[in-house]
Amino acid sequence: MLSLRNTIQLAEESGQAVGHFNVSDLVLLKAVFISARDLNTPVLVGVSEGEREFIGVQQIAVLVRSLREQFGFPIFLNADHTHSLSNAEAAANAGFDSVVFDLSALPLEQNVRETKRAVELLKGINPEILIEGEIGDIGTGSEIHEESAASPGQLTSPEEARQYVAATGVDVLAPAVGNRHGMVQSMVNGESHKHLDVGRIAQIKRATGIPLTLHGGSGTADEDLRRAITAGISIVHINTELRVAWRKGMESGLREFPHEVAPYKILPVAVDSVAKVVRARLELLNRGQ
Ligand SMILES: [Zn+2]
């Protein structure tokens with residue numbers, strides 16, 4: 001079985017990126033798994049601190065591991081946006097494959113110092129675990145925001161990225177390159193898209209030499225995503241688009257079966273709705289050069 005590190009490397013060599021999809025229930029997990037399995041492509045499942053609190057750190061670890069073992073399928077688990085060392089350690093102890101240790105809201109010096117310490121401690125729990133660090137401002141909340149929240153925050157400079165990676169020893173870097181968490185309503189409607197600073201991605205890739213993650217991938221123009229992968233993005237996070245599909249699917253399921261109370265008869269409608277989005281995104285990320 002491939003490791004997550006090898007999976008990322010193989011994707012990079014073939015001009016592809018690994019899809020990272022957030023889940024907070026079994027509907028989303030099923031949708032991600034069946035889509036990836038249909039396309040026979042490795043996939044990364046993510047849980048933020050809020051999503052972890054709902055589904056359970058140990059429980060999601062067991063669920064993902066059971067899919068990996070029963071089907072011999074490369075599905076991996078990431079502790080997305082982890083803001084404290086204790087939560088990062090809980091994820092490492094539960095068997096997560098990677099942790100996004102996110103102190104990007106702190107002053108850079110403190111971010112560097114504490115991330116370096118986290119890398120050492122987490123590798124002590126599991127030497128294979130991948131640690132992703134974050135610098136720059138990519139906003140918070142994979143939700144539908146006001147239109148005014150659409151403008152990108154402070155972008156990551158290539159030199160800062162180089163110094164940060166060298167000083168902390170992170171395996172993966174999440175830069176701010178025009179991406180932003182969440183979507184605005186016009187993006188949900190398909191009337192507007194996020195645009196990325198592809199030149200900056202290439203510069204940061206050259207400066208750091210490690211895999212880069214694009215957070216806030218929802219609502220990004222397809223062409224920008226493809227160019228970003230060519231420039232050096234190896235992991236793409238999609239969350240808000242799945243949440244929108246989840247909600248629409250739940251509403252359709254309830255409308256379709258107005259008198260039904262058995263969840264397993266209603267929820268497949270939501271699984272299908274989310275799976276369509278996952279599949280489309282995976283096909284785009286896998287297109288290769
Ligand atoms: Zn993110």
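The stops below concern salt bridges in a predicted model. Side chains of opposite charge can pair when their charged atoms come close. The structure holds 15 salt bridges.

**First stop.** Select Arg243 and Glu51, whose side chains meet in a salt bridge at 2.6 Å, N to O. The two residues belong to distant parts of the chain, 192 residues apart: Arg243 is in helix 11 (residues 240-256) and Glu51 is in helix 3 (residues 49-55). Is Glu51 buried or exposed? Glu51 counts as buried because its relative accessibility is 4%, under the 20% limit. Arg243, at 30% relative accessibility, counts as partly exposed.

**Second stop.** Select Asp97 and Arg68, which form a salt bridge with their closest N and O atoms 3.3 Å apart. Asp97 lies in the loop between helix 5 (85-94) and strand 4 (98-101), and Arg68 lies in helix 4 (residues 57-71), so the pair ties together parts that are 29 residues apart in sequence. Asp97 counts as buried at 15% relative accessibility, and Arg68 counts as buried at 17%.

**Third stop.** Select Arg162 and Glu159, a salt bridge in which the closest N and O atoms are 2.8 Å apart. Both residues lie in helix 7 (residues 158-168), 3 residues apart, which is about one turn of the helix. Arg162 is partly exposed, with a relative accessible area of 37%, and Glu159 counts as partly exposed at 39% relative accessibility.

Note on methods
Residues numbered from 1 in each chain as written. Predicted model: local features only at pLDDT ≥ 70, side-chain atom pairs only at ≥ 80, totals over all residues. Heavy atoms only, no water. Salt bridge = Lys/Arg side-chain N within 4 Å of Asp/Glu carboxyl O. Helix = DSSP H or I, 4+ residues; strand = E, 2+ residues; numbered from the N terminus. Buried < 20%, exposed > 50% of the residue type's maximum accessible area, 1.4 Å probe, protein only.
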